[in-house]
Amino acid sequence: METNNESSGDFILLGFSDRPRLEMALFVVNMVFYFLAVTGNSTIIFLSLVDLRLHTPMYFFLSNLSLLDLCYTTSSIPQLQVNLWGPRKTISFAGCVIQLFAFLSVGGIECILLSVMAYDRFVAVCKPLHYLTIMHPQLCLKLAAFAWLSGIANSILMSPLTMSLGRCGHRRINHFVCEMPAIIRISCVDTSRVEGLAFFLAIPIVLVPLTMILVSYGYIAAAVLRIKSAVGRRKAFNTCSSHMVVVSLFYSTIIYMYMQPGNVASQDQGKFLTLFYCLVTPTLNPFIYSLRNKDMKAALLKVLGKDRTLLDTGGH
């Protein structure tokens, strides 16, 4: 009976309810960032599909990253906005399950996808003459599929285990989303097995991809230092700089967020870090990639009817 009761009813997401003034400010800020995140990532996906110049491995993986960012923000921010706007801070059991599944899936997929993107940059810099031969479309599809399937498999395993933990009627989650650590905190049973399994799965999902990224950039750095011309070094750096910034934002936030102790102060920090991770980072990613990328800017100008070649033709 207890299990049945705990698999129904609503959860209360406390979020930022202890700071009413902050709630209204966050509502406005979130609305702006959410609009920018959806617009920016949708634009990258659209341009990567319609512009033939962007039909390359790098933009294929970038469009996958943008799709992940859309999934991440959409699974959390609309619910947060509803809770910030009104007195009700509830989320249904099904809604909580969906959020947890989305967070675990997207987080795992992004870890592996970023390592795949690092390998792509490694091939581009260290083996430029063989780049198109190595990074052929079939391999790109297999690598992307592996990332998606691995993240989803991790979530399929961990989501039911987390939601099945006994809560003894506790439904007040001290967070604005149904995230695994927050749900584990309200459990009234021994959670060591679930936490141990999560730690074990973090090795292939988080640690191995991070190691691959560091190794890839180690080889890239060595290759760049061997380039004698300043122009060549700058070109190689520009090829990888956007990805390095995104990786740094993603992993620094994740590591800091999950290394925090369980006290109240760190839980409050965790809320803001999660907000940064699921809203600010997806907003920044399109700008990080597009502002330093001539191909992306050219594709956007073409869609807007301001392509330079068209303008030159019109001038004649």
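A cavity is a set of grid points where a 1.4 Å probe fits but cannot get out. In this predicted model, a search of the whole structure finds two cavities of 30 Å³ or more.

The largest cavity holds about 60 Å³ of space. Its lining draws on Leu 13, Leu 14, Gly 15, Phe 16, Ser 17 and Glu 23, on Leu 80, Asn 83, Leu 84 and Lys 89, and on His 175 and Phe 176. Helix 3 contributes the most to this lining, with three residues. By class, the lining of the largest cavity has six nonpolar, four polar and two charged residues.

Five helices each supply at least two lining residues: helix 3 (57-85), helix 4, helix 5 (131-134), helix 9 (230-258) and helix 11 (294-303). Helix 9 provides the largest share, seven residues. The lining of this pocket comprises 14 nonpolar, seven polar and seven charged residues.

Helix 4 spans residues 93-126 and helix 6 spans residues 137-163. The two pack at an angle of about 145 degrees, and their axes lie 7 Å apart. The crossing is right-handed. The residues of this contact divide into 18 nonpolar and eight polar, with no charged residue.

The mean pLDDT is 85, and 90% of the residues reach 70 or more. Helix 6 has the highest confidence, at a mean of 96. Helix 12 (residues 308-315) has the lowest, at a mean of 45. Two stretches fall under 50. Over residues 261-265 the pLDDT is below 50, and this stretch has two contacts beyond near neighbours in sequence. Over residues 310-316 the pLDDT also stays under 50. For that stretch the model has one contact beyond four places in sequence.

How values were computed: Residues are numbered from 1 along each chain as its sequence is written. This is a predicted model: local features need pLDDT of at least 70, side-chain atom pairs count only at pLDDT 80 or more; totals for chains, interfaces and linings use all residues. Side-chain values use heavy atoms; hydrogens and water are left out. Axes are lines fitted to C-alpha atoms, for helices over the stretch in contact, and angles run from 0 to 180 degrees between N-to-C directions. Helices (H or I, at least four residues) and strands (E, at least two) are DSSP runs, numbered from the N terminus. A crossing is left-handed if the near helix is turned anticlockwise from the far one by less than a right angle, and right-handed if clockwise. Ala, Val, Leu, Ile, Met, Phe, Trp, Tyr, Cys and Pro count as nonpolar, Asp, Glu, Lys and Arg as charged, and the others, Gly among them, as polar. pLDDT is the predictor's confidence in each residue, from 0 to 100. Contact means heavy atoms within 4.5 Å. On a 1 Å grid over the protein atoms alone, a cavity is a set of points where a 1.4 Å probe fits but cannot get out, and a pocket is an open set with protein on both sides within 12 Å along at least five of seven lines; lining residues have an atom within 4 Å of a point. Grid points are joined across faces, edges and corners, and a volume is the space filled by probe spheres set on the points.
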